[in-house]
Each structure stands twice: as C-alpha cells, then as structure tokens.
Amino acid sequence: RKVLNSKGGGLPSSVSRAIRDAADSGANIINLSLQMGAPDPVMQSAVQYAISKGALLIAAAGNNTGSVSWPAAYDEVVAVAATNYNDLHASYSNTGSQIELAAPGGESGQSILSTWPGGVRCRDDTPVLPQSDYCIREGTSMAAAIVSGAAALIKSVRPDYTAEQIRQLLRNSTTPLSQGATL
C-alpha cells in the first residue's frame, strides 16, 4: 500500500488505513519504512488491529539520531535501526531501548540499492521517477525492508509460524554488534 506522496510525506490517517487494509487482506508481514515524530492514537489502534489479525509489523527506527520514532516506538512493532558496511551503528540511525534489530541501512558514500516506486523523488536533487526503478539511498527504511524480507522468507518456509514466533526467531538468530556499538 503506497501511503506517502512524492516527497515522502503523508498523514497518519493514510498510514493507519493502509495498515488496516493490509491486515484485512491477510498480510502476514507489514513493513513500515517511514517515521513520524509523535504517537497517534488512530495509528496505534491500527497497529493493534493488525496484530490481532496475526500480522507482524516491522518499522524503521528513524533517521535523526534521536529516540525511536513512531510507529517503531510502539511495543507491538519490531523497531529496526541501521548499520553501516562495518556492522556498526549508522551515524544517522535513531537509538533507544525499543530497538530490537539492526540491519544494513548504508551510510553516506556507501548507500543501499533499493527498489523505489514510480512517481516518487529518489533524492531531493533528482527528478521524480516516471516508473518503478532502483534508487541509491541510506536509512532505517532500507534496514526495515531487509528485516521484513527475512521475516517473509521465514513465513514462506514455515507458514505455520505465528508473528510472535517469527519475531522471536529473528531476535534469537542475530549477531550482537561489535563491542562498544550502541543502538
């Protein structure tokens, strides 16, 4: 479900409707590669609704080196921080006790190749892509997409696993970051 405009902005109500729609459509894994600066009761209700339908929600922790952004800050959502190519905390990635996992998100000069929808600007200094294509970016959104892909692979191999079982397997099969790295 596309909920953000060509500049990457959107309304909590649009995100909330998309979460509910995805859950009603039987989505097992819902990736939320977006961040909001404040909690929203309508979105929290949508998150809880999707959880009640058996979905696993995975969200980007945020890219402003502050505390974990919403919707990743909700307890029900897997909050994902970003690492760089050396498996260290990416300089832009938010931190906090809500972080459950970290995945490659790139770093300036070492970006991640990411799929990008048509009609959306890849970077502030590039034109809007006329059709879906690849884009070079960095961010916790890229990290959340990687974790979402891993979760979807687990679900494809073990369709009997619940969202909580997939969440636990992801947590239990990770490698701790290098000594001194904090998320």
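The model is predicted: local features need pLDDT of at least 70, side-chain atom pairs count only at pLDDT 80 or more, and totals for chains, interfaces and linings use all residues. Residues are numbered from 1 along each chain as its sequence is written, and side-chain values use heavy atoms, with hydrogens and water left out.

Q: Why is Ser 148 called buried?
A: Buried means under 20% relative accessible area, exposed over 50%, and partly exposed in between (1.4 Å probe, protein chains only). Ser 148 has 8% relative accessibility and therefore counts as buried.

Q: What does Ser 148 touch, not counting residues up to four places away in sequence?
A: Contact means heavy atoms within 4.5 Å. On that basis Ser 148 touches Ile 29, Asn 31 and Ile 58.

Q: What makes the buried residues of α2 lie on one side or on several?
A: Met 43, Ala 46, Val 47 and Ala 50 are the buried residues of α2. They cover an arc of only 100 degrees around the axis, which puts them on the same side of α2. The arc is that of the directions from the helix axis to the C-beta atoms.

Q: What covers the buried residues of α2?
A: The cover includes α1 (12-24), β1 (29-32) and β2 (56-60).

Terms used: Helix = DSSP H or I, 4+ residues; strand = E, 2+ residues; numbered from the N terminus.
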